[in-house]
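User: I'm new to this one. Can you put it up and walk me through it?

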Amino acid sequence: MRVIRYTTNPGQADANAEFVTAVFRELAAKTPDEVRYAVLRFEDGTFLHLADVPGDGERLTELASFQAFVTTVDERRTGEPARGEATIVGNYRMLA
């Protein structure tokens, strides 16, 4: 599972959330197999993306809404995102 964490610039959290919401709308419309994706928003403007996509992640990154999100994300966030791979240690009805 890929984990990406970043904080948005002041006043940019709502705009960022709108881009993320568009990605979820497109995912719901296209229902790509084997894609698991969740995004958490914290009150300080931090976002945490959890993505479990087979291969190189193309099933997610090929979406037009995702491309629109990443094209402008640098304008909405402070600094570089923290990226890493993670494994689920425990899960009770939270992640499929």
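Analyst: One term before we start: two strands pair if DSSP finds at least two bridges between them. Helices (H or I, at least four residues) and strands (E, at least two) are DSSP runs, numbered from the N terminus. By those terms, β1 and β4 run antiparallel and are joined by 6 bridges.

User: What kind of model is it, and what is left out of the side-chain values?

Analyst: It is a predicted model: local features need pLDDT of at least 70, side-chain atom pairs count only at pLDDT 80 or more, and totals for chains, interfaces and linings use all residues. Residues are numbered from 1 along each chain as its sequence is written, and side-chain values use heavy atoms, with hydrogens and water left out.

User: In which sense do β1 and β3 pair?

Analyst: Antiparallel, over 6 bridges. Strand β1 covers residues 2-8 and strand β3 covers residues 46-52. Tyr6 has Phe47 in β3 as its bridge partner.

User: Let's look at His49. Is it buried or exposed?

Analyst: His49 sits in strand β3. It counts as buried because its relative accessible area is 6%. The cut-offs are: buried under 20% relative accessible area, exposed over 50%, partly exposed in between (1.4 Å probe, protein chains only).

User: What does the His49 side chain make a polar contact with?

Analyst: The side chain of Tyr37, at 2.7 Å. A polar contact is a pair of N or O atoms within 3.5 Å; within protein, one must be able to donate a hydrogen and the other to accept it, and residues adjacent in sequence count only if both atoms are side-chain atoms.

User: What else does His49 touch?

Analyst: Not counting residues up to four places away in sequence, His49 touches residues including Val3, Tyr6, Val20 and Phe69. Contact here means heavy atoms within 4.5 Å.

User: And Thr46, buried or exposed?

Analyst: Thr46 is in strand β3 too. With a relative accessible area of 3%, Thr46 is buried. Its side chain makes a polar contact with the side chain of Thr7, at 2.9 Å. Leaving aside neighbours within four places in sequence, Thr46 is in contact with Arg5, Tyr6, Thr7, Leu40 and Arg41.

User: New topic. Where is Asn9?

Analyst: In the loop between β1 and α1 (13-30). Asn9 is partly exposed, at 23% relative accessibility. Beyond its neighbours within four places in sequence, Asn9 contacts Glu75, Arg76, Arg77 and Thr78. Asn9 and Ala28 are 19 residues apart in sequence, and 28 Å apart in space, C-alpha to C-alpha.

User: Which residues other than glycine have a positive phi?

Analyst: Glu34 is one of them, with phi near 65°. Arg93 is another, at about 60°. Most residues other than glycine have a negative phi.

User: Where are Glu34 and Arg93?

Analyst: Glu34 is in the loop between α1 and β2 (36-41), and Arg93 is in the segment after β4. Glu34 is exposed at 62% relative accessibility. Arg93 is exposed as well, with a relative accessible area of 73%.

User: And Met94, where is that?

Analyst: Met94 is also in the segment after β4 (77-85). Its relative accessible area is 69%, so Met94 counts as exposed.
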